[in-house]
Every structure is written in structure tokens, then in C-alpha cells.
Amino acid sequence: MAKAFFRLQKFLRRTQFLLFFLTAAYLMAGSLLLLQRTRLVIQQGSRGILANQALPMPDKMTRVGIVDPRTLQSPRPGPRLLVGMDALQEPALDQRHSPRWLTSRNSELRQLRRRWFHRFTSDQEPLQTAGLRALKHTTEHKGTYMGCFTHDSRERTLKGAVFYDLRKMTVAHCQEACAERAYSYAGLAYGAECYCGSTLPAAASKPEECNSECKGEKGSVCGGVNRLSVYRVEELRAGARRRRNVIYRGCFRAPENLTDTFAASLIQPNLTVEMCSEFCSKKEFPLAVIRGQECYCGYPTGRFPLRDGADGLRCSGTRNASSAAEGEYCLVYQTPVQDTRCTDRKFLTTKSKVFVALSSFPGAGNTWARHLIEHATGYYTGSYYFDGALYNKGFKGEKDHWRSRRTICVKTHESGKTEIEMFDSAILLIRNPYKSLMAEFNRKYAGHLGYATDRNWKSKEWPDFVNGYASWWASHVLEWLKYGKRLLVVHYEDLKQSLIPKLKEMVEFLNVTVTEDRLLCVENNRDGNFKRSGAKQKNFEPFTQEMKDLINRYILTVDEALRGRNFSGLPREYVPR
């Protein structure tokens with residue numbers, strides 16, 4: 001008996017030791033994972049700190065990579081949806097605004113919340129001097145390496161186009177982008193930023209100070225902290241495939257004094273569009289203006305806003321320079337040069353006292369609105385979510401925690417009472433549900449810039465998508481009308497049609513003062529980097545009559561609710577197709 005008891009006691013002691021060992025191993029593994037993730041976040045933010053040293057809070061000290069409690073929220077109990085797609089259960093909406101068939105947010109919100117920075121490749125450590133010596137700038141890349149130069153983000157020497165790709169930037173990518181836009185030099189900084197220009201920077205730096213490895217190309221140098229790796233790409237321009245060719249903007253009444261209005265001019269017998277565009281591109285101006293044999297270069301300004309175009313016949317009905325009217329009217333072309341008067345952006349230097357949301361249903365143009373707001377105000381916008389694709393393209397507020405109050409406003413698709421009431425005010429962006437549903441379906445199956453295939457549209461996924469998302473479109477607006485404290489309602493269609501007046505309203509709502517020239521610059525860069533391109537879906541009607549009946553009921557309900565809150569109703573084009 002004693003022997004059996006001794007064996008049992010020995011077994012239990014071993015079991016306790018085993019449990020203790022497993023628990024300790026589990027805790028150590030968790031600690032190592034946390035330390036590794038923290039190191040990754042610090043590395044990802046290290047460049048942002050140095051680029052914004054005047055800011056009181058480091059950009060890197062955000063909560064990226066740490067599980068946000070928002071992702072762990074479970075849906076609250078409520079009425080089931082009366083459509084064919086499972087969705088989050090929410091408390092019933094105010095019956096004054098919504099009949100029983102009106103539903104709440106779709107479960108897609110939970111997927112939106114799970115977008116973490118795992119898409120990013122981790123930032124690489126600065127290259128060692130020995131590695132730098134092994135790199136061959138002149139042989140590995142087509143352009144001629146000119147050296148390492150000082151880079152000041154506020155007073156840039158390469159004042160042309162600016163591109164970001166915080167995941168896949170390479171020397172060749174930057175060179176090609178600058179060559180396609182008719183620039184002579186391409187400069188790379190921080191391993192992920194590309195700058196173009198036609199004048200070589202004056203202040204040279206030590207070669208070893210350009211020590212940041214390109215994000216998309218191991219073993220290659222892409223500048224450093226406040227340092228540019230500069231390449232001459234003029235030899236590439238002849239064979240470059242022009243992504244942005246010279247664009248005809250129209251026939252406009254010429255200002256009274258063209259010499260005072262425009263910064264550069266050229267008089268050339270037998271002047272052609274190509275000659276004028278090339279001249280203005282070298283001078284780094286986005287507009288080429290032709291009147292007879294006179295060529296002028298400049299920007300859209302208050303004197304020449306490019307808003308009221310004239311009949312093309314006023315310019316002799318042709319786009320040839322030699323035929324342009326020599327008196328009152330002129331031909332205007334957009335050169336490949338980017339208007340950079342409004343591309344500088346930064347975080348707020350002090351925390352905002354007013355917490356502002358930029359709220360919309362997915363597919364309603366929130367990213368485009370953010371592009372307009374950032375370039376108009378000069379401040380980054382934040383996001384309730386973390387979208388790596390947007391961050392890679394220059395929306396640096398994606399990385400900042402949404403509650404930091406260092407951004408001018410915060411993107412959100414949320415529509416619950418708690419999520420709405422945490423904001424002091426909001427810009428509520430509304431778009432035609434037919435267009436919104438199609439845009440979000442495209443994004444879901446082909447990303448921010450692509451189009452869903454015909455197979456996607458004709459599958460059963462499309463009707464299921466409409467059944468679930470159409471109700472979300474309506475409930476999103478209704479809940480913001482019900483719980484929002486201070487709202488500015490902006491219709492996507494009005495913003496697109498009357499950009500400057502509507503953008504002025506939005507900027508004033510954000511309590512920011514901007515110049516007329518900056519707004520004109522935004523108008524000149526209105527599309528940004530997120531206008532869909534490529535082959536569109538075929539010309540067929542994706543909405544069945546049953547879908548239209550469902551959507552139209554939501555449209556009428558939202559229109560009535562807007563008018564009930566003394567807002568203008570939905571644009572007429574929304575109402576039943």
C-alpha cells in the first residue's frame with residue numbers, strides 16, 4: 001500500500017514539474033513574441049521620427065502591432081437582419097427613421113478591423129559601410145548615379161513629383177517614374193520615397209550617409225535620413241513609356257497680361273504643342289499655355305483658374321499651336337510635371353481639441369476625400385483601421401493611432417451609437433448607393449484600383465453582397481443622423497461636380513485656413529493615386545429589378561431622414577432608376 005502511494009506521489013510531483021515547465025515555456029515564448037513585435041514597430045517608425053522631429057509625439061509610438069480591443073468586441077444582441085446575408089446584430093434603430101426591414105452594419109466591419117501591418121515587409125537595418133562599397137550604382141541601374149545629397153523636406157531641391165511606396169520602392173521604379181514625367185533627376189530618400197526634378201541638388205553629402213536599403217530591393221541604397229541618392233535619368237527619357245502624356249485641358253480666355261500671370265515664356269516660330277510642353281516641363285511647370293507662337297508656363301491661379309472653359313471654336317477648333325487665336329483665347333495643356341504646391345503634409349504639432357470623423361459607407365469615396373483634405377489643409381488624416389495599401393501610397397496617418405488627435409480627421413465606416421458618440425463632430429460623406437455598392441464590390445475583389453471580373457458580377461456573390469450591404473448603406477446614414485453631435489453632410493456627387501466650393505466648406509468645418517492657390521493646386525491634382533484604371537466591366541446592368549426595389553426603399557427612407565434633420569435631401573439622381 002505504501003509503495004503504491006509512493007509511486008502516486010512521485011507521479012504527481014513529475015506532473016506538477018511538467019505543468020510548471022510548460023507554463024514557463026509558454027510565458028517565455030509570449031514575451032519573446034511581444035519583444036519582437038515591439039522591435040518591428042520601432043523599426044517601422046524610426047524613419048517617421050526623424051522626418052518629423054518638430055512634432056511633440058513620435059510618429060512611431062503608435063499602437064500598431066498591438067491587438068486593439070476593438071477587434072475583440074463581440075456583436076451586441078439585437079434583431080436579426082431581414083436580408084439574405086449574415087451581419088452584425090445591433091440594437092434596433094429609431095423607428096421614426098427606419099422600418100423593421102432596415103438593418104445595421106454588416107459583418108464586413110469586423111474584416112475591416114483586422115487589417116494589420118503584417119502586409120509590410122519589416123524595415124531593414126541601415127546598410128553597413130562595407131555593404132555600401134560593394135554596391136555598384138552605375139552598373140546595376142540604368143540611370144547615372146550622381147552621389148549622395150542633403151534632403152530638406154520643407155525646402156526641397158528636387159521640386160517635381162513625389163512618390164511613396166513603403167513596401168516595394170526600388171531604384172528602377174523611381175527612375176522610370178521620373179523619366180516618364182520628363183524630369184532629369186530622380187532622388188530616393190528613407191528607403192521608400194522618390195523625388196523628381198530637373199535641377200541637381202547643390203549640397204553634397206558623404207557617400208556613407210546614404211545608408212537606407214530600398215524597401216523593395218535588397219542590397220540597393222535608397223538615400224538615408226534627410227539624404228538623397230540622386231540619379232540622372234535624362235538618357236532614359238527618350239525611351240520611357242509616358243504614363244501621363246500631355247493632356248489637353250481646353251480653350252480658355254487669356255488673362256489680360258500673360259507675362260505677369262505666368263512665370264516663364266517662349267516665343268518660337270512654328271511653335272508646336274510638343275515644343276511648348278517640353279519647354280514647360282524642363283522649367284517644372286504643370287501647365288503649358290499657347291497663344292499663337294507664344295508659349296507660357298505656370299500654375300492655375302486666381303487670375304487663371306481654369307474653371308470656365310470657352311467653346312473650342314474660339315481657338316480655331318483645333319489643338320494645333322499655330323492655329324490658336326492670337327488675341328483673347330489660348331490653348332491649355334497639362335504637362336507631365338506634378339503641381340507640388342500642395343503636396344507637403346505633416347501631423348498636427350499639438351493635439352486637436354476637436355475630434356472629427358470622416359465617416360462614410362465603404363465605396364463612397366472616403367479615400368478620395370482624404371486625399372483632397374490632406375492636400376488642401378497640409379495635414380494628414382487618420383483612420384480607425386490600418387490599411388497597408390493606403391499607408392504604402394503616402395497616407396501616413398494610417399500608421400498613427402486613431403485616437404492620437406495628431407490628424408485633422410479620422411476615417412471611419414462605423415455606425416454604432418458608441419462609435420459615433422466618441423467623436424465631437426463629423427463630415428458625413430454620402431454617395432449614390434448604386435455607385436457605392438459597385439465601387440466596394442470592385443475593391444473587395446480587385447483592390448483599390450482594379451475592377452471585379454464579369455465572373456464575379458454574374459456569380460451568386462453579387463446578389464448576396466447587395467442584400468447585405470444595401471441595408472448597411474442606409475443604416476450608416478441614419479445612425480449618424482441620430483447620434484452625431486455636429487454634422488456636415490457632403491454628397492460625393494456635389495463634391496465631384498463643384499470641387500472648390502465644397503472643399504472650402506469641408507476645410508472651414510475643420511477650422512483650417514487655406515489659400516486660393518492651394519485649393520487650385522488640389523483641383524489640379526484632384527484624382528490622386530486612387531482613380532481606378534484598366535479594363536472596366538462590360539456594359540451590362542448588374543442590378544436586377546428585385547435589387548432596385550430594395551435599394552430604392554432605402555434611398556427614400558434616407559432622403560426623408562435627411563430632410564427631417566433640416567439637411568438637403570439626396571441628389572435627384574439617387575432616386576429610383
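Predicted model: local features only at pLDDT ≥ 70, side-chain atom pairs only at ≥ 80, totals over all residues.

Trainee: What about contacts between residues at least 6 apart in sequence, what percentage join residues at least 24 apart?

Mentor: For those contacts it's 75%.

Trainee: Switching to charges, how many salt bridges does the count give?

Mentor: The count is 16. One of them pairs aspartate 400 with arginine 406, at 2.6 Å from N to O.

Trainee: Is aspartate 400 buried or exposed?

Mentor: Buried, with a relative accessible area of 2%. Arginine 406 is buried as well, also listed at 2%.

Trainee: Which ring does arginine 406 lie over?

Mentor: Arginine 406 lies over the face of phenylalanine 347, 4.4 Å from the ring centre. So that arginine has a salt bridge to aspartate 400 and a ring under its charge, while counting as buried because its relative accessibility is 2%.

Trainee: And what's the story with arginine 405?

Mentor: Its side chain meets aspartate 424 in a salt bridge, 4.0 Å from N to O. Aspartate 424 is in the loop between helix H11 (417-421) and strand E16 (425-430), and arginine 405 is in the loop between helix H10 (388-392) and strand E15 (410-412), so the pair ties together parts 19 residues apart in sequence. Both are partly exposed: aspartate 424 at 30%, arginine 405 at 26%.

Trainee: Which residues do salt bridges with shared partners join into a network?

Mentor: Arg307, Lys504 and Glu516.

Trainee: How far apart are the closest N and O atoms of arginine 341 and aspartate 339?

Mentor: They're 2.9 Å apart, in a salt bridge. Aspartate 339 is buried at 0% relative accessible area, whereas arginine 341 is partly exposed at 22%.

Trainee: Now rings. How many aromatic pairs does a search of the whole structure find?

Mentor: It finds 26 aromatic pairs. There's also an aromatic cluster made of Phe361, Tyr434, Phe441, Tyr445, Trp457, Trp462, Phe465, Tyr469, Trp472 and Phe543.

Trainee: Where does the charged end of arginine 431 sit?

Mentor: Over the ring of tyrosine 492, 4.2 Å from its centre.

Key: Residues numbered from 1 in each chain as written. Heavy atoms only, no water. Phe/Tyr/Trp six-rings, centres within 6.5 Å; stacked < 30°, edge-to-face > 60°. Lys NZ or Arg CZ within 6 Å of the ring centre and 35° of its normal. Contact = heavy atoms within 4.5 Å. Buried < 20%, exposed > 50% of the residue type's maximum accessible area, 1.4 Å probe, protein only. Helix = DSSP H or I, 4+ residues; strand = E, 2+ residues; numbered from the N terminus.
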